[in-house]
Amino acid sequence: FPRARFDRVLPRPVRAGVLVDRGCKSSCEGFVMAARQSGKVTLFGAEPTGGVLDYANVNRVTACGGLVLGYPTSRSQRLPGDPVDPAGIAPQVRIPPGVRDEIGWVRDTLERGEARVRR
């Protein structure tokens, strides 16, 4: 994913958490790839993203008998060195099993400063 360049860093937010799971696919994974470039952002989740970013812009064609064929019309420039498909993007901080309020858990973890990860 191309590294974003900014001419300045705003003071707020000081820290940000992004929740991910297997429902985060395609464009969502593009957002995650861009967001994780910031030292202020930490990815949280109990599982990785869906892993469908590398091959995109699917074109669907209906063939004889109603068979639908889907094929990608573009491929990520990161390949083959930094694939997302099929494993997805792993969270930097795992949310423990049994946590019912994931947003509250992430907020509390960020406020306590416990979400520092090595980059």
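Phenylalanine 44 is buried, with a relative accessible area of 0%. The structure described here is a predicted model.

**The aromatic pair**

The model contains 1 aromatic pair. Because phenylalanine 44 belongs to strand β2 and tryptophan 105 to helix α2 (residues 102–111), the pair ties together parts that are 61 residues apart in sequence. Tryptophan 105 is partly exposed, at a relative accessible area of 23%, whereas phenylalanine 44 is buried.

**The sheet and the helix**

Strand β2 is part of an open sheet of 3 strands, in the order β1-β2-β5, and the pairing is parallel. Strands β1 and β5 (93–94) are at the edges, and each has a single partner strand, so one side of each is left without a neighbour in the sheet. Between β2 and β5 the parallel pairing runs over 2 bridges. Phenylalanine 44 also has a place in this part of the sheet, standing opposite valine 93 in β5. Helix α2 lies across β1, β2 and β5, and runs at about 150° to β1.

**The salt bridges**

The count of salt bridges is 2.

| Residue | Partner | Closest N and O atoms |
|---|---|---|
| Glutamate 47 | Arginine 22 | 2.8 Å |
| Arginine 107 | Aspartate 108 | 4.0 Å |

Glutamate 47 forms its salt bridge with arginine 22. Glutamate 47 is in the loop between β2 (41–45) and β3 (55–62), and arginine 22 is in the loop between β1 (16–19) and α1 (27–35), so this pair ties together parts that are 25 residues apart in sequence. With a relative accessible area of 22%, glutamate 47 is partly exposed. Arginine 22 is exposed, at 57%, because the class of exposed residues begins over 50%.

The other salt bridge joins arginine 107 to aspartate 108. Arginine 107 has a relative accessible area of 44% and is partly exposed. Aspartate 108 is also partly exposed, at 31% relative accessibility.

Key
Residues numbered from 1 in each chain as written. Predicted model: local features only at pLDDT ≥ 70, side-chain atom pairs only at ≥ 80, totals over all residues. Heavy atoms only, no water. Salt bridge = Lys/Arg side-chain N within 4 Å of Asp/Glu carboxyl O. Helix = DSSP H or I, 4+ residues; strand = E, 2+ residues; numbered from the N terminus. Buried < 20%, exposed > 50% of the residue type's maximum accessible area, 1.4 Å probe, protein only. Phe/Tyr/Trp six-rings, centres within 6.5 Å; stacked < 30°, edge-to-face > 60°. Pairing = 2+ DSSP bridges. Contact = heavy atoms within 4.5 Å. Axes fitted to C-alpha atoms, helices over the stretch in contact; angles between N-to-C directions.
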